[in-house]
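Student: I would like to learn how to read helix packing and strand pairing. Could you take me through an example?

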Amino acid sequence: MLFTRRLMFGLAIASTMAGALAVPAMAEGPTEIDLFFPVPVDGKLARDMGTLIKEFNDGHPDIKATAVYTGSYDDTLIKTRAAIKAGKPPSAVIMSANFLLDMQIENELTNLDALIKADGTTKEQFLGQFFPALQGNAVINRSVYGVPFHNSTPLLYINADKAKEAGLDPSKPPQTWAELTDWAKKLTKREGDKVTQWGIAIPCAYDYCGWMMETLTMSNGGRYYNEEFGGEVYYDTPSMLGALTWWNDLVYKHKVHAPGATPGPAVSTSFISGNAAMMMLSTGSLTYVRDNAKFNYKVAFIPRNVRNAVPIGGASLIVPAGLESDKQKAAWTLIKWMTSPEKSGWWSRATGYFAPNMAAYKTPEMVDFLNKNPDAKTAVEQLDVAKPWFATYKTVPVRKNLEDEVMLVLNGKKQPKEALVAAQKAADETLKPYNAETSLKLP
């Protein structure tokens, strides 16, 4: 009897277990990924990002992407590094294109070559989608570490109405520094000792200031850094001295530029309000200007002193190191979708950044947009003379070594030569550890 009861009990347990096993397994939820994104320029970029990510999620039910606003480009780098160090990296980041080299040196990036190969394509075919000028900041040691997402070049913005009032032809913008200086003089208005309208405004705050110095140095024939090696910058040089001296002269000699270091948003506000008749600013601010200017305006190439040349700006999509395989694959799906011709074009139209995917400009929507907004062509046309954005070991500290000194010059506290000597000395010290392990590490 005892045996019979045990047998029946055992059969009951087996039956219960079989029933449990027969219940369908719970379906796994979508792969959840975070996308860190900065807002480095004027406009409604955060809202546009929300729209973009919602569309992605609606079309990819197996992935749930969450856009996380992370501040400026510099802030985004800090937060990304903190997340990597904590063992919880975001799955993808819209990262300032010139930070990639520093992150690769610190082993913080995923090499994208294997993901590209898994798609059945080559690096050359993959990169061939994008404007050649962008590849210098995306490829490191012949491997792909970033995918161009929203990119820019600096532009000269001109209040066309004020130019006509001053007897200038906005359809023939200044081509040289001499012409720009003359325009700025004619556009500056005074009531006694008080300036009521500045001729030109150029931003100088952390991040923007370094980019503007590279812009002016390049158009003066120079180089900001060694494009082949992350341990050298060229601050104490004739080309950069000429660039900073001209900027300083606009302030203190010609008195056509407001004294002091002015952040980018203040520059665009000054232009929109009519307080500045011209400004140098990113094409990423173009939609903001288009939506808010109550006057006719023109955009043009950055004028030259020695040559026409400008740096690339903007950001690339990256995959941080340390991700689980499923999140890495989901991030790659998101990145490819965001940089497709259709979405690249949509983002360009929404923000003012130019679309890095060349095929975007062949879509019907983009053709129609450019016909209605020819100003959006200028940044693309300027790509013919564009070069990589400065990228070194410890890019941000090295950049700040220069920016701190430039700000002192614009605030009237130092002369250009003195400032650049100090900037070079500080940058060389910052770069010293990298050089000790590379160019100065000898057999």
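Tutor: We will go through a pair of helices and then a strand with its partners. Keep in mind that this is a predicted model.

Student: At what angle do the axes of helix H14 and helix H15 cross?

Tutor: Angles under 35 degrees count as roughly parallel. The axes of H14 (residues 341-351) and H15 (residues 364-372) cross at roughly 25° and come within 9 Å. That is why H14 is described as roughly parallel to H15. As for handedness, H14 passes H15 in a left-handed crossing.

Student: Which residues make the contact?

Tutor: From H14 there are Gly345, Ser348 and Arg349, and from H15 there are Glu365, Met366 and Phe369. By type, the residues of this contact divide into 2 nonpolar, 2 polar and 2 charged.

Student: Now the strand. Is S13 mostly covered or uncovered?

Tutor: A general idea comes before the case. In a regular strand the side chains alternate between the two faces of the sheet. A residue is buried if its relative accessible area is under 20%. In strand S13 (residues 313-318), 6 of its 6 residues are buried, and the strand is mostly covered.

Student: How many bridges join strand S3 to S13?

Tutor: Strand S3 (residues 92-96) is joined to S13 by 4 bridges, and these strands run antiparallel. Here Val93 stands opposite Ile318 in S13.

Student: In what sense do strand S6 and S13 pair?

Tutor: Strand S6 (residues 147-152) pairs with S13 in the antiparallel sense, over 5 bridges. In this pairing Ser152 stands opposite Gly313 in S13.

Definitions and conventions:
Residues numbered from 1 in each chain as written. Predicted model: local features only at pLDDT ≥ 70, side-chain atom pairs only at ≥ 80, totals over all residues. Heavy atoms only, no water. Axes fitted to C-alpha atoms, helices over the stretch in contact; angles between N-to-C directions. Helix = DSSP H or I, 4+ residues; strand = E, 2+ residues; numbered from the N terminus. Parallel < 35°, antiparallel > 145°, perpendicular 65-115°, else oblique. Left-handed = near helix turned anticlockwise from the far one by under 90°. Contact = heavy atoms within 4.5 Å. Nonpolar A, V, L, I, M, F, W, Y, C, P; charged D, E, K, R; others polar. Buried < 20%, exposed > 50% of the residue type's maximum accessible area, 1.4 Å probe, protein only. Pairing = 2+ DSSP bridges.
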